[in-house]
Structure formats: C-alpha cells, structure tokens
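Dear colleague,

Please find the structure below, handed over for your attention.

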Amino acid sequence: MSRGDQLEELASDLSRAAEAARRLGLPTTVYLLSMALVEVREAAAADNDGNDDGAA
C-alpha cells in the first residue's frame, strides 16, 4: 500500500470519526478531527502531485 493510499484511508477514517462525533454532539472533537482531516487531505494531494511524473 502506497503512502498516498494510506493517507486516503486515514482521511476516510477521520471523516467517519468526525461524523460520529457530530452525531454524539461533541463539537470540540468534530473541530479537531476536521482540522486533522484538512491536514491529511493536503498531505495526500501533495503526495499525489509528487507521483505524477512519468506514470503513464
């Protein structure tokens, strides 16, 4: 599993956790998970940009 795949999986896990926290009424947890999700998505995007050279 590549780093990009791992980051995408982590983003999915964070998204599900944030939704569960939202349902439970935990706004601070939702905020923290959302911030972590932004960071992971940015890392995944940067990783994908770095892997596009010659992968045709």
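The side chains of arginine 23 and glutamate 19 form a salt bridge, with an N to O distance of 4.0 Å. Please note that the model is a predicted one. Arginine 23 and glutamate 19 are four residues apart in helix α1, so about one helical turn separates them. Arginine 23 is exposed, its relative accessible area being 62%, whereas glutamate 19 is partly exposed, at 33%.

Glutamate 19 also meets the side chain of arginine 22 in a salt bridge, at 2.7 Å from N to O. Both of these residues belong to helix α1, where they lie three residues apart, again about one turn of the helix. Arginine 22 is partly exposed, with a relative accessible area of 46%. Returning to the bridge between arginine 23 and glutamate 19, salt bridges with shared partners join Glu19, Arg22 and Arg23 into one network.

How many salt bridges does a search of the whole structure find? The search finds four. One of them joins the side chains of arginine 3 and aspartate 47, with 3.6 Å between N and O. This pair links distant parts of the chain, for arginine 3 is in helix α1 and aspartate 47 is in helix α2, 44 residues apart. Aspartate 47 is buried: its relative accessible area is 16%, and a residue counts as buried when that value is under 20%.

I turn now to helix α1 as a whole.

Which residues of α1 are buried? They are Gly4, Leu7, Ala11, Leu14, Ala18 and Ala21. These residues cover an arc of only 100° around the axis, and therefore lie on the same side of α1. The cover over the buried residues of α1 includes α2, which runs through residues 27–50. On the face turned away from the buried side, α1 carries the exposed residues Arg16, Arg23 and Leu24.

Finally, where does a positive phi occur just after α1? Glycine 25 takes a phi of about 75° at that point.

With kind regards

Definitions and conventions:
Residues numbered from 1 in each chain as written. Predicted model: local features only at pLDDT ≥ 70, side-chain atom pairs only at ≥ 80, totals over all residues. Heavy atoms only, no water. Buried < 20%, exposed > 50% of the residue type's maximum accessible area, 1.4 Å probe, protein only. Helix = DSSP H or I, 4+ residues; strand = E, 2+ residues; numbered from the N terminus. Arc of directions from axis to C-beta. Contact = heavy atoms within 4.5 Å.
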